[in-house]
Amino acid sequence: MLENVRIVLVNTSHPGNIGGVARAMKNMGLSGLCLVKPGLFPHPDAEARASGAGDILAQAMVVDTLEDALADCHLVVGTSARSRTIPWPLVNPRELAAIVSPLPETTRVAIVFGREDRGLTNDELQRCHQHVHIPVDEGFSSLNLAAAVQVISYELRMAKVFGAEDVKPRWGTEWDVELAEGREVELMFEHLEQALTEIEFLDPEKPRNLLPRLRRLILRAVPDKIEINVLRGMLTAIQKRNGG
C-alpha cells in the first residue's frame, strides 16, 4: 500500500523543507515524492536535511504543474488547514489511512501539500477527491511541512503494520473496474464545461459556483474508468442533440 502513495509538494520555496519531507517519508516507508515547480531543487540544503534519505530526493519526480503530478493517480487527497467557501469531504489522518489501507495495490494515491506560507489554492483543492486536516491545537496551529508529512505518513504506516479494525474497502465490496486516472477525470471536466456552455446551462461570464459544486459531486464518488466514459458519452449525445 505504501509503495503506491505519492507525496506531492507544490511550489515548496525552501529546499531544506524538501529534505525534511524526504526524511519523514523514509522513516515511515514511503518513497514516492513529486515536486511541482520547487523554488530551489536540487540544492545542498535539501541533501543536508534529508539526512540519509538522499535516495528519495534522487528519484523524486519534478514537474511543472499539479496536473502533471496527478495525471496517473486514482485517488487524490489535498491537505487543508482552513475551511473553504464550499465544503469538501474532509477526513483526519487516521480516517485517511483507513480509506487508503484496503485499496488495491494498483491504486495510485496522491497526497498533496501546498506552499509553506499559504497552502493550496482553492483551484488546486478542487482537483482533489477529498481533503485531509490535521487537528492541531487552535492556539498554535502552524505546522512545519515536514511535520505534516510525518503525521500523515505515520498514520498510513500504522494502518499497514497493525491493520485497521473492521475496515472494509471504500465501497463495501471489491470493485470490478480500475479507478479513473487524474488525466481522464480532468478531460471529462473539460468536456462537461464545454457541453454545459453549449446548451447555455453554464454562463462563462457568470459561472457562480456551478463547476466547483459539480466537481465536488463527481469527485466525491471517486469514479472508475467506465463511469467516466459513460459520463462523456452522455455529454457527447447532449452535444449532438443540441446541434454541436
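Me: Which residues are linked in a network of salt bridges here?

Reply: Start with the general idea: side chains of opposite charge can pair when their charged atoms come close. A salt bridge is counted when a side-chain nitrogen of Lys or Arg is within 4 Å of a carboxyl oxygen of Asp or Glu. In this structure, Arg6, Asp72, Arg108, Glu181 and Arg183 are joined in such a network. Before we go on, note that this is a predicted model, in which local features need pLDDT of at least 70 and side-chain atom pairs count only at pLDDT 80 or more, while totals for chains, interfaces and linings use all residues. Residues are numbered from 1 along each chain as its sequence is written, and side-chain values use heavy atoms, with hydrogens and water left out.

Me: How many salt bridges does the structure hold?

Reply: There are 12 salt bridges in the structure.

Me: Which residue forms a salt bridge with glutamate 181?

Reply: The partner of glutamate 181 is arginine 108, with 2.8 Å between the closest N and O atoms. Glutamate 181 sits in the loop between α7 (145-162) and α8, and arginine 108 in the loop between α5 (93-100) and β6 (109-113), so this pair ties together parts 73 residues apart in sequence. As for the labels, helices (H or I, at least four residues) and strands (E, at least two) are DSSP runs numbered from the N terminus.

Me: Is glutamate 181 buried or partly exposed?

Reply: Read the relative accessible area: buried means under 20%, exposed over 50%, and partly exposed in between, using a 1.4 Å probe and protein chains only. Glutamate 181 is buried because its relative accessibility is 12%, whereas arginine 108 is partly exposed at 25%.

Me: Which side chain meets glutamate 186 in a salt bridge?

Reply: That is arginine 127, at 3.2 Å from N to O. Here too the pair links distant parts of the chain: glutamate 186 is in helix α8, arginine 127 is in the loop between α6 (122-125) and β7 (130-132), and they are 59 residues apart. Glutamate 186 is buried, at 10% relative accessible area, while arginine 127 is partly exposed, at 23%.

Me: And what forms a salt bridge with lysine 225?

Reply: Look at glutamate 184, where the closest N and O atoms of the pair are 2.9 Å apart. Glutamate 184 belongs to helix α8 and lysine 225 to helix α10, so the bridge ties together parts 41 residues apart in sequence. Glutamate 184 is partly exposed, with 25% relative accessible area.

Me: What should I look for in the backbone?

Reply: Check omega and phi. The peptide bond from phenylalanine 41 to proline 42 is cis, with omega near 0°, and proline 42 lies in the loop between β2 (32-36) and α2 (44-50). Serine 51 is not a glycine, yet has a positive phi of about 45°; you will find serine 51 in the loop between α2 and α3, partly exposed at 44% relative accessible area. Valine 222, also not a glycine, has a positive phi of about 50°. Valine 222 is in the loop between α9 and α10 and is buried, at 2% relative accessibility.

Me: Which residues form a nonpolar patch on the surface?

Reply: Patches gather residues with over 30% relative accessible area and no salt bridge, joining like charges within 9 Å and nonpolar side chains (Val, Leu, Ile, Met, Phe, Trp, Tyr) within 5 Å. Here Ile199, Phe201 and Ile238 make up the nonpolar patch, with about 280 Å² of accessible area together, by the Shrake-Rupley method with a 1.4 Å probe; for residues, only the protein chains shown count as cover. Isoleucine 238 lies in helix α10 (residues 225-241) and is partly exposed, at 37% relative accessibility.
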